[in-house]
Amino acid sequence: MTPEPPATSDASEAVTPQALRQQYESGATVEELVAASGLSYGTVLNRLHDAGTEMRTSWQTRRMRRDPQARQRLAAHLRTLYEQHGATLTELAAAAGETRRAARRLLIEAGGTVRTTQQTLRMRATKRAAERQRLALSLRARYEACATVPELAQEHSYSVATVYRLLHQAGTRMRPQHRHGPAHDIRKRS
């Protein structure tokens, strides 16, 4: 007679790796997951690993439990800085007073997706280009309202050449240059 394999509990199969991961990332410890699910310690660990869970140390759990709402607010703030303002993980770590790894973990907890370095560089270049275009259009409006190029350069702390470049970028139709003064009069007499 062949022994039958032990019957598996429907309850243990209902505890999915994703469900365990969600509970763990919300602050539950492995011991608490074992007690709540009825699974063995090793099974809980295996399912957490299968779900791609990043494990934390006991001190990280204690720190997280001190004020979970504060942690969620911080994570949401870091995600906003990362996604809307193009901050890097290093900048997030500085803003949070954490390591890059901890800042990355908080970003992921808030539902953020980590970018590659190239994606960050492209994002920042796009942002700079948009800001430069806004500035160019602003300079064009002031120039067309009779401001001079030297006045615009002084107002914005740019060189005259930069102001000309931005005006051309904005498609500004330039006024003719006036040649008044003694240097112009001397050339006519020669």
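**Close-up views of helix packing and selected residues**

**View 1. Val-149 and its contacts.** Beyond its neighbours within four places in sequence, Val-149 is in contact with Tyr-143, Val-160, Val-163, Tyr-164, Leu-167 and Met-174, where contact means heavy atoms within 4.5 Å. The model is predicted, so that local features need pLDDT of at least 70 and side-chain atom pairs count only at pLDDT 80 or more, whereas totals for chains, interfaces and linings use all residues. Residues are numbered from 1 along each chain as its sequence is written, and side-chain values use heavy atoms, with hydrogens and water left out.

**View 2. The chain as a whole.** The chain has 12 helices and zero strands; both kinds of element are DSSP runs numbered from the N terminus, helices being H or I of at least four residues and strands E of at least two. Of its 190 residues, 27% count as buried, buried meaning under 20% relative accessible area, exposed over 50% and partly exposed in between, with a 1.4 Å probe and protein chains only. Among contacts between residues at least 6 apart in sequence, 58% join residues at least 24 apart.

**View 3. The packing of α9 against α11.** Helix α9 (residues 117–144) packs with helix α11 (residues 160–169) at an angle of about 95 degrees, the axes being 8 Å apart. This makes α9 roughly perpendicular to α11. On the α9 side, the contact is made by Arg-132, Gln-133, Leu-135, Ala-136, Leu-139, Arg-140 and Tyr-143, and on the α11 side by Thr-162, Arg-165, Leu-166, Leu-167 and Gln-169. Six nonpolar, three polar and three charged residues make up the contact of α9 with α11. In this classification, Ala, Val, Leu, Ile, Met, Phe, Trp, Tyr, Cys and Pro count as nonpolar, Asp, Glu, Lys and Arg as charged, and the others, Gly among them, as polar. Axes are lines fitted to C-alpha atoms, for helices over the stretch in contact, and angles run from 0 to 180 degrees between N-to-C directions. Angles under 35 degrees count as roughly parallel, over 145 as roughly antiparallel, 65 to 115 as roughly perpendicular and the rest as oblique.

**View 4. The crossing of α9 and α10.** The axes of α9 and helix α10 (residues 149–156) cross at roughly 135 degrees and come within 10 Å. The relation of α9 to α10 is therefore oblique. The crossing in which α9 passes α10 is right-handed; a crossing is right-handed if the near helix is turned clockwise from the far one by less than a right angle, and left-handed if anticlockwise. Leu-135, Leu-139, Arg-142 and Tyr-143 of α9 make the contact together with Val-149, Leu-152, Glu-155 and His-156 of α10. The residues of this contact of α9 with α10 divide into five nonpolar, one polar and two charged.

**View 5. The largest nonpolar core.** This core has 12 residues: Leu-135, Ala-136, Leu-139, Tyr-143, Ala-147, Val-149, Leu-152, Ala-153, Val-163, Leu-166, Leu-167 and Ala-170. At least two of its residues come from each of α9, α10 and α11, and α9 gives the most, with four residues. A second, separate core of 11 residues includes Ala-75, Leu-78, Ala-93 and Ala-103. A nonpolar core is a set of buried Ala, Val, Leu, Ile, Met, Phe, Trp, Tyr and Cys residues joined through side-chain atoms within 4.5 Å.

**View 6. Leu-152 in helix α10.** Leu-152 lies in helix α10 and counts as buried because its relative accessible area is 0%. Not counting residues up to four places away in sequence, Leu-152 touches Leu-139, Arg-142, Tyr-143, Ala-147 and Val-163. The C-alpha atoms of Leu-152 and Arg-142 are separated by 7.9 Å, with the two residues 10 apart along the chain.

**View 7. The packing of α6 against α7.** Between α6 and helix α7 (residues 89–96), the packing angle is about 145 degrees and the axes are 10 Å apart. The α6 helix passes α7 in a right-handed crossing. Here Leu-74, Leu-78, Leu-81 and Tyr-82 in α6 meet Leu-89, Leu-92, Ala-95 and Ala-96 in α7. The contact of α6 with α7 has eight nonpolar residues, with no polar and no charged ones.

**View 8. Two threonines.** Thr-80 is placed in helix α6 (residues 68–84) and counts as partly exposed because its relative accessibility is 32%. Its C-alpha atom is separated by 9.5 Å from that of Ala-110, 30 residues apart along the chain. Thr-29 is found in the loop between α2 (17–25) and α3 (30–37) and, at 18% relative accessibility, counts as buried. Leaving out residues up to four places away in sequence, Thr-29 touches Tyr-24, Arg-56, Thr-61 and Arg-65.
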